[in-house]
Amino acid sequence: MKIKSRIFHLWDNQTKRIVSVEASRREGKNWISFCPFHPDKNRPNLYIDEEKEKYHCFTCNRNGFLYNPKYRKLKYSYHRNIATTYNYKDEKGNLLYQVVRYKPKGFSQRRPDGNNDWIWNMKGVNPVPYHLPEIIQSIEPVMIVEGEKDVENLRRMGFTATTSPMGAGKWRESYNKYLKGKEVILIPDHDQPGYQHCRNIGQSLWGIARKIKWLELPGLEEKEDVSDWIEKGNTKDKLLQLIEAAPDFIPEKYDERKRTGKSARSILKDRTKSIVPDLIHLVGEDGRTKYLFCKNGQWFIEEYFIKDGKRYSPKQNLPIKILDANIINRSLKMDITRLATEINAFIKSYLEMPLDSDYLILTMWIFHTYLIEKFNTTPILYFYGVKETGKSRAGEVLSELAFRAQRLTSLTEATLFRSVELFKPTLIIDEIKLLGKGGNQGLADLIKTTYKRGLKVSRINLNKYGEDQIEYYDTFTPLVICTTESIPDIIESRCILFIMQKNSNPQIEKKIDKKWANDLRERLTVFRANYMLRELPEAQYIARGRLNEIMFPLYQTLLMTETERKSEFIDIVKRIQRNKDNEEGMGLEAEIVKAIDDECRENQDRQFLTQAISKRLNEFRSENEAISDRVVNNRIRRLGFHKKRFNNGRMGFRIDGERLRSLKNKYQIGDTTEASEASEG
């Protein structure tokens with residue numbers, strides 16, 4: 001017997017009441033009735049899905065569920081039993097909407113109404129990926145699967161995972177920005193819709209995600225997914241092995257696929273980029289230089305990475321020490337104090353320093369090069385002395401251990417700023433002349449910017465036009481200078497100075513043990529992998545001004561490695577500070593103050609000419625060492641003396657007695673007459 005009409009009881013979630021309607025017509029699986037929620041007298045617009053127990057009016061958009069007395073005592077009077085809910089949040093962690101999963105299996109979406117209740121639609125809501133705040137903050141690979149249940153199972157294993165709401169085929173391009181620069185692992189369900197869903201995501205993320213891997217789980221039946229794979233007893237370690245072996249996702253050329261109906265692999269032109277985000281080091285494997293990463297406590301070697309639709313590989317045959325691929329067999333556990341002791345012993349075995357405390361400074365300097373991205377300043381190491389005093393040996397020893405060390409016996413401006421910008425090496429320069437005749441002033445200007453992050457240098461590119469001609473380069477990098485030449489005062493103020501002496505122990509001149517050096521480099525790389533993501537220890541300033549800037553990174557490094565030597569290091573800094581204070585009395589400014597004082601005493605005058613001071617300064621200097629009137633004039637003005645025009649029309653300076661006394665006190669310049677009288681007394 002054919003049923004002509006049915007009575008349905010609708011649950012109105014807005015008024016929390018039951019509304020009954022009679023449906024007398026049927027289209028497919030839907031019953032059709034006049035809508036009770038708006039004047040609907042001419043044409044029935046309320047569609048009722050009896051199987052899913054849902055209703056929807058296509059005129060007033062009222063929708064909801066059929067009333068079921070079995071669940072009337074539940075808080076929200078749902079028509080079906082809710083198995084679980086999944087919260088979708090915005091970037092700041094605020095709840096946007098929920099996906100509701102029912103038992104038997106079914107899904108719907110709802111959003112909060114602001115009054116502790118729900119609106120059962122997504123009107124006005126922009127969907128986002130599941131667990132969005134975790135995706136944004138994650139530095140680990142992000143797994144993309146098809147459902148929220150799969151995401152939760154992966155999260156319980158300790159992975160970062162996400163999905164798009166509302167099932168397969170619902171990925172939006174607006175989701176891509178949240179995965180920019182990240183590594184993505186696509187894990188499709190084992191059926192055709194699942195594969196197509198993940199392929200579409202891969203195509204959409206191509207050139208946006210840093211790297212995309214494709215992981216098909218073994219042992220799945222038709223329509224099974226990662227949750228089924230986990231339920232079969234598979235473990236996190238097994239999944240990690242599969243991820244490591246998973247191939248890279250290669251997109252299809254859409255036009256080619258559309259024309260031929262076949263897949264075509266995208267051919268990308270390789271580009272060179274040696275420094276990429278999260279890089280631990282570079283390694284050599286199968287005759288090629290590759291990237292070394294460390295994520296989730298595991299080493300990874302990658303031949304290339306993809307960004308903005310381009311594939312990059314490291315520059316081959318770089319003049320720096322890279323590691324062997326066998327480093328991935330090293331444990332990440334380490335005894336950092338023991339490593340510091342061995343580095344100290346290595347340096348002592350091949351290099352004789354003026355002071356025993358110098359070895360501690362060099363050890364901390366080597367450590368800090370492996371975390372150079374975390375510091376804003378870095379001291380320049382300046383090894384100075386006559387020939388055959390171990391300066392070049394110092395550069396050789398440090399180049400064996402320092403991070404990405406590159407030794408240069410000649411250096412140009414272009415080499416410096418382009419090497420630092422592109423490869424971020426630790427530069428070790430052997431024999432360089434920056435002062436006097438034959439000195440490279442342009443190179444000196446560049447070197448003085450290497451000690452502090454943010455001090456960029458500008459250069460003109462004649463192949464470009466307009467504003468693009470001016471290019472800015474970041475020259476911040478660890479730097480070592482080994483030379484018999486003096487360097488400009490402004491560079492020396494950024495240096496830790498080591499005045500080298502001839503070796504007293506010939507044993508240190510033996511050949512460097514490369515195997516020992518390689519072992520230490522690998523252990524230092526383990527140190528980098530462990531500490532790259534850690535915060536630097538907080539510490540009080542240990543010196544004044546520039547000295548604190550250059551020594552503070554080494555002090556913070558010491559607090560990570562050899563805390564028990566904290567007092568010893570502070571004493572070293574105090575000694576350096578005393579030496580600098582004493583040296584201030586022997587600088588050019590001190591000489592000028594002494595010359596001004598002598599000029600005023602001898603001529604009994606309260607004014608003087610620049611040439612008179614220059615003559616006194618150059619009396620015992622050679623022609624090459626002579627200081628120009630221009631330099632003297634600028635230094636006098638910097639010391640605080642003011643210019644004055646004399647009666648004969650010439651320009652000079654007038655004496656400020658109080659200022660002169662203050663400068664004499666600062667540079668510890670005594671009165672010769674007073675000293676003479678005191679001596680006679």
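**Entry 1: helix H14**

I looked for a kink in H14 and found one of about 40 degrees at methionine 551. It lies shortly before proline 553. I am working from a predicted model. Next I checked the span of H14, which runs over residues 545–561. Its 17 residues reach 25 Å from the first C-alpha to the last. That is close to the 24 Å expected at 1.5 Å a residue. I then asked how many residues of H14 are buried. The count is 14 of 17, so I noted the helix as mostly covered, with buried meaning under 20% relative accessible area.

**Entry 2: arginine 521**

I moved to helix H13, residues 514–531, where arginine 521 is found. I then listed its contacts, leaving aside neighbours within four places in sequence. They are Lys321, Leu323, Tyr370, Glu400 and Leu401.

**Entry 3: aromatic pairs**

I searched the whole structure for aromatic pairs and got 26. I opened the pair of tyrosine 382 and tyrosine 384. Their ring centres are 5.8 Å apart. Their planes stand at 50 degrees, between the 30 and 60 degree limits, so I logged the pair as tilted. Tyrosine 382 counts as buried at 3% relative accessibility. Tyrosine 384 counts as partly exposed at 27%, because that value falls between 20% and 50%.

I turned to phenylalanine 608 and phenylalanine 641. This pair is edge-to-face, with 6.3 Å centre to centre and 80 degrees between the planes. Where do the two residues lie? Phenylalanine 608 is in strand E30, residues 607–608. Phenylalanine 641 is in the loop between helix H18 (629–638) and strand E31 (643–645). The pair therefore ties together parts that are 33 residues apart in sequence. I checked burial for both. Phenylalanine 608 is buried at 2% relative accessible area, and phenylalanine 641 is buried at 3%.

I also noted a cluster. Ring pairs link Tyr86, Tyr88, Tyr97 and Tyr130.

**Entry 4: charges over rings**

I looked up arginines over aromatic rings. Arginine 110 lies over the face of tryptophan 118, at 4.1 Å from the ring centre. The charged end of arginine 534 sits over the ring of tyrosine 531, 4.2 Å from its centre.

Key. Residues are numbered from 1 along each chain as its sequence is written. This is a predicted model: local features need pLDDT of at least 70, side-chain atom pairs count only at pLDDT 80 or more; totals for chains, interfaces and linings use all residues. Side-chain values use heavy atoms; hydrogens and water are left out. Helices (H or I, at least four residues) and strands (E, at least two) are DSSP runs, numbered from the N terminus. Contact means heavy atoms within 4.5 Å. The expected span of a helix is 1.5 Å times one less than its number of residues. The bend at a residue is the angle between axes fitted to the seven residues ending there and the seven starting there. Buried means under 20% relative accessible area, exposed over 50%, partly exposed in between (1.4 Å probe, protein chains only). Rings of Phe, Tyr and Trp (its six-membered ring) pair if their centres lie within 6.5 Å; planes under 30 degrees apart count as stacked, over 60 as edge-to-face and the rest as tilted. A charge sits over a ring if NZ of Lys or CZ of Arg is within 6 Å of the ring centre and within 35 degrees of the ring normal.
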